[in-house]
Protein chains: 2
Amino acid sequence: MENNDYSHLKEEIISNNRIFDGKVIKVDHSRVKLPDGGTADREIVYHKGAVALIAVHQEEMYFVRQYRVAPDDFLLEIPAGKIEVGEAPRETAIKELREEIGGVAEELEEIQEFYVSPGFSNEYVYLYEARDMTIDVQELDDDEFLDIVTVQLQDLKKLLQAGAFRDSKTIIAVQHVIAAYNL
Amino acid sequence: MENNDYSHLKEEIISNNRIFDGKVIKVDHSRVKLPDGGTADREIVYHKGAVALIAVHQEEMYFVRQYRVAPDDFLLEIPAGKIEVGEAPRETAIKELREEIGGVAEELEEIQEFYVSPGFSNEYVYLYEARDMTIDVQELDDDEFLDIVTVQLQDLKKLLQAGAFRDSKTIIAVQHVIAAYNL
């Protein structure tokens, strides 16, 4: 299909302007040297990454309904959370599963890893599937407000086609479950 | 499953600090009022949105290999591009298909729409499938450098499982093709 030498595609950052150093993101306005020697500006958002969880229990898949201020919308998403400094993705996943839906899994299987939007951001998501899960109570953070929503596995395909899931990690998770469970 | 009144989850922006007003993104540091009356800071990236394309021709799916400076990585992605001001997503899709892989489609079918990372960004992606496509020559922008890579449909599942696709829109597209073509 292709050889593995991609050097003819490489851009080099030649100068950096740190615009914002936030708790969640850092924003750089960078100048790059293009493969043909020209230059271009790049706006880059650095992010510590996140985890997301496929949680199926008794023929139902678990979601959370939450308000998201950036899109100004109430979305139906799979449980997820940002990786804190010093945390391994798997630790974050165990914590978020417990906090958001009260889930405790015997095992977490990694399903995929992906950049959410590599054109401007390095945010990387680790997607796990919770195995042999039991459900206890939610333990939300102080500034977190969300409702647990369960969906019958048999309804996932219809809801996906109807556009009920509207963020990338959740669509990846639902498509995975539909394939894995032969729905 | 749930009623449609989500007002108990709503946050209200009470003050805004525009940190960056770039060509691709705008960054706000905002203060929100939480559902319980408390307050929290939110870091928000506004983006004009993008399109992405599923392009299958003669039993092969079309990808582009390109360097992405934010993750500092060479990724195998489906054709995609940012929506310019005043452009309808479908126009952008027709243009990007032509620019990136030289594709001309009889018809574009919308497959999904989604936020890539609603926790901090409003970037919204429209995913189309190109129907009855012919392939002409690439017509890249001046600051765009990418290689066209085609993959046999029968190899998609194996490559997906091996982690060959590492960004969200591309994984959604490949999962969709595997399901739609019964691969």
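According to UniProt, in an unreviewed entry, residues 45-173 of chain A carry the feature "domain: Nudix hydrolase". The model you are looking at is predicted, so please read everything below as computed from its atoms.

Let us step back to the whole of chain A. Three helices and ten strands make up its secondary structure elements. Read from the N terminus, they follow the order β-β-β-β-β-β-β-α-β-β-β-α-α. The C-alpha trace of chain A spans about 60 × 45 × 30 Å along its principal axes, and 51% of the 183 residues of this chain count as buried.

A:Glu2 sits in the segment before strand 1 (12-21) of chain A. Its C-alpha atom is separated by 29 Å from that of A:Ile14, twelve residues apart along the chain. A:Glu2 counts as partly exposed because its relative accessibility is 24%.

With a relative accessibility of 26%, A:His29 is partly exposed. From A:His29 to A:Leu76 the C-alpha distance is 33 Å, for a sequence separation of 47 residues.

Next comes a pair of residues whose backbone deserves a look. Most residues other than glycine have a negative phi. A:Gln58, however, has a positive phi, near 50°. You will find A:Gln58 in the loop between strand 4 (50-57) and strand 5 (60-68) of chain A, and it is exposed because its relative accessible area is 67%. A:Asp132 also has a positive phi near 50°, but A:Asp132 lies within strand 9 (residues 124-135) of chain A. At 61% relative accessibility, A:Asp132 counts as exposed.

Now to the charges. Side chains of opposite charge can pair when their charged atoms come close. Over all chains, the count comes to 32 salt bridges. One of them joins A:Lys26 to A:Asp21, where the closest N and O atoms are 2.5 Å apart; A:Lys26 is partly exposed, at 31% relative accessibility. In chain B, B:Lys10 and B:Glu12 form a salt bridge with an N to O distance of 3.9 Å. Here B:Lys10 is partly exposed at 24% relative accessible area, and B:Glu12 is partly exposed at 44%.

Another salt bridge in chain B links B:Glu129 with B:Arg131, at 3.5 Å from N to O. Back in chain A, shared partners connect salt bridges into one network made up of A:Arg68, A:Glu77, A:Asp167 and A:Lys169.

A:Asp36, B:Glu84, B:Asp141 and B:Asp142 form a negative surface patch. The chain A member, A:Asp36, is located in the loop between strand 2 (25-33) and strand 3 (39-47). A:Asp36 counts as exposed because its relative accessibility is 53%.

Methods. Residues numbered from 1 in each chain as written. Chains lettered and ligands numbered in written order. Predicted model: local features only at pLDDT ≥ 70, side-chain atom pairs only at ≥ 80, totals over all residues. Heavy atoms only, no water. Patch = residues over 30% accessible without salt bridge, like charges linked within 9 Å, V, L, I, M, F, W, Y side chains within 5 Å. Areas by Shrake-Rupley, 256 points an atom, 1.4 Å probe, with all protein chains shown as cover. Salt bridge = Lys/Arg side-chain N within 4 Å of Asp/Glu carboxyl O. Lys, Arg positive; Asp, Glu negative; His and termini not counted. Charge placed at Lys NZ, Arg CZ, Asp CG, Glu CD. Helix = DSSP H or I, 4+ residues; strand = E, 2+ residues; numbered from the N terminus. Buried < 20%, exposed > 50% of the residue type's maximum accessible area, 1.4 Å probe, protein only. UniProt positions renumbered as here; feature names shortened; annotations may be inferred.
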